[in-house]
Amino acid sequence: LTNDGIVSKAAGSLLGFYVNSTNAGTIVIYDGTDATGTAISGTITPAIGYRAFPAYCPNGCFVAIGGTALDITAFFSAG
């Protein structure tokens, strides 16, 4: 993801995410399919590399990306 986006519309577990590149970008993770869902994180300013973030998302998973530039890959297990 390089912009706000749905990781999954189905229930499941977020395992973590890999930050491919960043220039002061931020993310907020939500239980749901948009930013009106319940925030399950505060604002995260991640460094490049893998970050474990185990969280169960019964309503799907959405990531809001802010800041100047951020590219992440989310790892999600449906079910």
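Author: Let's start with burial: a residue is buried at under 20% relative accessible area, exposed at over 50% and partly exposed in between (1.4 Å probe, protein chains only). The model here is predicted, so local features need pLDDT of at least 70 and side-chain atom pairs pLDDT 80 or more, while totals for chains, interfaces and linings use all residues. Residues are numbered from 1 along each chain as its sequence is written, and side-chain values use heavy atoms, with hydrogens and water left out.

Reader: Thanks! Is serine 41 buried or exposed?

Author: Serine 41 counts as buried because its relative accessibility is 12%. Strands are DSSP runs of E, at least two residues long, numbered from the N terminus. Serine 41 sits in the loop that links strand S4 (38-39) to strand S5 (49-57).

Reader: What does serine 41 touch, not counting residues up to four places away in sequence?

Author: A contact means heavy atoms within 4.5 Å. With that sequence limit, serine 41 touches Ile27, Val28, Ile29 and Phe53. A polar atom of the serine 41 side chain also lies 2.9 Å from the backbone nitrogen of isoleucine 29. Isoleucine 29 has its own contacts beyond four places in sequence, including Leu14, Phe17, Phe53 and Phe62.

Reader: Which residues have the most contacts inside the largest nonpolar core?

Author: In soluble globular proteins, nonpolar side chains tend to be buried together. A nonpolar core is a set of buried Ala, Val, Leu, Ile, Met, Phe, Trp, Tyr and Cys residues joined through side-chain atoms within 4.5 Å. The largest one here has 13 residues, and Phe17, Ile27, Ile29 and Ile72 have the most contacts inside it. At least two residues of this core come from each of S2, strand S3 (26-31), S5, strand S6 (61-66) and S7.

Reader: In what order do the strands of the open sheet come?

Author: Two strands pair if DSSP finds at least two bridges between them. Three strands form the open sheet, in the order S5-S2-S7, with antiparallel pairing. S5 and strand S7 (70-78) are at the edges, each with a single partner strand, so one side of each has no neighbour in the sheet. Strand S2 (residues 12-22) and S7 are joined by nine bridges; glycine 16 has phenylalanine 75 in S7 as its bridge partner.

Reader: How many disulfides does the count come to?

Author: A disulfide is a covalent bond between the sulfur atoms of two cysteines. The cut-off is a pair of cysteine sulfur atoms within 2.5 Å, and the count comes to zero. For cysteine 57, the nearest cysteine sulfur is that of cysteine 61, 4.1 Å away. Cysteine 57 is buried, with a relative accessible area of 0%, and cysteine 61 is also buried, at 0%.

Definitions and conventions
Helices (H or I, at least four residues) and strands (E, at least two) are DSSP runs, numbered from the N terminus. A polar contact is a pair of N or O atoms within 3.5 Å; within protein, one must be able to donate a hydrogen and the other to accept it, and residues adjacent in sequence count only if both atoms are side-chain atoms.
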